[in-house]
Structures are given as C-alpha cells and as structure tokens.
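Subject: Structure handover

Hi,

Here is the structure for you to look over. My notes follow below it.

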Amino acid sequence: MKKVTIHNSGYEVKIAKIIKTKQMTPQEKLFEIALPGGEGLDHDPGQFVEVSLCGVGEAPISVCSSPTNRSTFELCVRNAGKFTNYMQTLDAGEEIGIRGPFGVGFPTNILEGNDLLLVAGGLGIAPLRSLINFVIDNRRDFGKVSILLGCKSPKNVLFGDEIEFWEKRADVNFACTVDKADPEWAGNVGLITSLIPGIDLDPHRTFAVVVGPPIMYKFVIKELLAKKIPEKQILVSLERHMKCGLGKCGHCQIEEIYCCQDGPVFTYDQIKNIKGAI
Ligand SMILES: Cc1cc2nc3c(=O)[nH]c(=O)nc-3n(C[C@H](O)[C@H](O)[C@H](O)COP(=O)(O)OP(=O)(O)OC[C@H]3O[C@@H](n4cnc5c(N)ncnc54)[C@H](O)[C@@H]3O)c2cc1C
Ligand code: FES
C-alpha cells in the first residue's frame with residue numbers, strides 16, 4: 001500500500017481560515033477550510049489532519065472532501081466532548097491550526113479499474129465521502145460502484161443533498177438503511193449487514209472499503225468474507241484514539257502497528273492476526 005509523504009515536519013501548524021460552515025445535524029457541523037496563500041492540502045482520500053484550537057487542544061479529524069477539490073478542503077465534526085464542542089461554536093472567518101495530512105489513505109491507484117463496494121456506518125461516511133467524490137469525479141477509471149450507508153435513525157443521515165445525487169446516478173448503486181425508522185422514513189430498516197447478502201458482485205474484481213465504528217466493521221467484514229471477497233481486497237479504516245499523528249506518542253499503537261502512520265487504512269489481510277485490531 002502506498003506510503004504518503006508528509007510535506008512538512010509534521011509538527012508545523014498552519015493557520016487556516018474557515019471559509020464556510022453548515023450545521024448538518026444538531027451534533028455535526030461541516031467546515032470548509034482554506035490554508036494560507038491558497039495552498040492546497042494535497043491529501044489522499046482516507047487521510048486525516050490534526051486540528052488545533054489555541055487554549056483548547058488538538059484532535060484528529062478526517063478530511064471529508066475529495067482531493068479533486070484542490071483549493072479548499074472540508075471537515076465534518078461531531079460534538080463528542082470538549083474539543084469538538086468548541087469546534088461547533090466556530091464560524092466563517094475564524095482561524096484554526098492544521099497539521100498534516102497524516103496516515104495512509106485509500107490506495108486509489110490500486111482501486112482503479114476494479115468494482116467498488118463502499119460501506120459506511122454513521123460518521124464513517126465522512127472519510128468515505130472523500131473517496132466517493134473522488135471516484136465520481138474520475139468515474140471512467142472505476143468499474144461498478146455500490147455504496148451502502150447505515151445510520152442509527154433518519155435524523156442521523158449526513159450529506160443528504162449528496163446522497164440524493166448519488167442515488168439518482170445510473171452509474172452508482174446506492175442503498176441506505178437505518179436501525180430505527182421514523183414515520184416519514186420509506187427506506188430500509190435494519191443493520192447495514194442486512195444489505196450485503198443482496199448485493200450482486202464479482203468477488204475477484206471487487207474491492208470493499210469499510211469505514212465505521214469497530215462493532216460495525218467487525219460484522220461487515222464477516223459478510224464480505226462470506227461473499228468470497230479476498231482478504232487483500234477488503235480495506236478497513238481503523239478507529240483508534242490518536243494524539244500526535246506522527247508515530248511518536250504510542251496512543252494509537254496495536255502490537256507493532258501505529259494506526260496514525262501505518263493506517264488508518266489497512267487491508268483485512270494486514271490486520272486479521274493482530275490482537276485487538278478487529
Ligand atoms: C483518524 C481519526 C479520524 C477522525 N475523524 C473524525 C471526523 O471526521 N469527525 C469527527 O467528528 N471525529 C473524528 N474523529 C474522532 C475525534 O478525533 C474525537 O471525537 C475527538 O478527538 C474527541 O475530542 P473531544 O475533546 O471533543 O472529546 P473527549 O472528551 O476527548 O472524548 C469524547 C468522546 O470521544 C472519544 N474520543 C476521544 N478521542 C478520540 C479519538 N481520537 N478517536 C475516537 N474517539 C475519540 C472518547 O472516547 C469519548 O467517548 C477521528 C478520530 C481519528 C483517530
Ligand atoms: S497518534 Fe501518536 S503514535 Fe499514533
């Protein structure tokens with residue numbers, strides 16, 4: 001899998017400006033961000049940045065925009081605690097610190113020419129959206145594209161406008177399911193794993209990409225293996241607590257791997273025997 005070059009020391013914090021924000025749900029806010037001097041972020045889908053707020057702290061956040069959008073980038077932040085709560089108060093015109101991008105993202109060069117089954121659970125749609133929009137912007141380079149999204153309830157569905165666009169495209173198969181419906185919901189109800197058996201795929205030319213909470217990817221991987229997708233063709237983005245993003249602090253270490261540098265994206269084959277990874 002491709003190793004990514006960090007263009008600065010990794011410690012350098014760039015002062016970036018928030019260009020636009022959008023409250024997506026009561027818990028999640030979308031930020032469009034510009035680096036100084038119009039410099040692009042130059043990231044791969046699946047990579048993350050360390051966001052810093054003076055006097056508050058620093059947190060890893062996935063880049064949720066496609067690298068094809070070069071002048072600005074986007075982050076979708078869920079209010080989970082002190083740092084992310086403070087992020088919710090920020091608006092256009094305010095400044096934040098950015099380090100990165102960090103980590104190994106999705107290997108787009110390897111995915112090219114193959115069919116894709118892209119599976120997101122909850123906030124996992126944020127990093128996956130970067131890959132989805134990259135694939136859509138370069139649609140002719142990929143085979144069949146299927147996107148499966150699972151959310152707790154209809155009010156937790158993120159990127160609703162884009163989902164409508166993906167749903168309408170003839171060259172994308174899109175399905176969404178919620179664990180618990182409300183009276184207006186006319187779609188699927190049930191866990192995301194329930195959507196996988198019905199997917200028509202050729203396992204030898206399919207790469208599956210899974211992003212979501214650990215409980216979700218564990219069961220999704222089981223279903224993908226049942227579909228006979230080779231272990232080397234199942235990619236998973238591991239969710240781990242991270243601090244430095246640089247392979248120094250050990251917060252993200254599982255046995256010999258550092259999720260921040262060796263991942264967060266791994267093939268199932270790479271991590272299946274690493275205790276505590278899956
Ligand atoms: C590679 C990576 C990419 C991420 N991408 C996103 C993203 O796109 N959007 C987003 O909203 N969040 C993302 N997160 C999670 C985000 O970093 C945490 O929610 C944040 O650090 C919590 O800080 P806090 O001070 O707000 O909450 P805290 O008070 O520190 O913690 C609140 C809750 O969040 C959990 N948490 C704390 N730190 C992390 C962490 N590093 N990873 C996962 N859970 C954590 C805690 O266990 C606790 O349950 C990502 C994390 C990683 C490692
Ligand atoms: S986050 Fe510090 S070693 Fe990975």
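Helix 3 (residues 125-137) packs against helix 4 (residues 160-168) at an angle of about 40°, and their axes lie 12 Å apart. Axes are lines fitted to C-alpha atoms, for helices over the stretch in contact, with angles from 0 to 180 degrees between N-to-C directions. Helices (H or I, at least four residues) and strands (E, at least two) are DSSP runs, numbered from the N terminus. The angle makes helix 3 oblique to helix 4 (under 35 degrees is roughly parallel, over 145 roughly antiparallel, 65 to 115 roughly perpendicular, the rest oblique).

This is a predicted model: local features need pLDDT of at least 70, side-chain atom pairs count only at pLDDT 80 or more, and totals for chains, interfaces and linings use all residues. Residues are numbered from 1 along each chain as written, chains are lettered from A and ligands numbered from 1 in written order, and side-chain values use heavy atoms, without hydrogens and water.

Which residues of helix 3 meet helix 4? Ile-125, Arg-129, Ile-132, Asn-133 and Ile-136 do, against Glu-162, Phe-165 and Trp-166 (contact: heavy atoms within 4.5 Å).

Now the largest pocket. It holds about 1500 Å³ of space, the volume filled by probe spheres set on grid points joined across faces, edges and corners. A pocket is an open set of points, on a 1 Å grid over the protein atoms alone, where a 1.4 Å probe fits, with protein on both sides within 12 Å along at least five of seven lines; lining residues have an atom within 4 Å of a point. Of the 49 lining residues, Arg-78, Leu-123, Gly-124, Pro-213 and Glu-239 are closest to the centre. Strand 4 gives the most to this lining, six residues.

Best wishes
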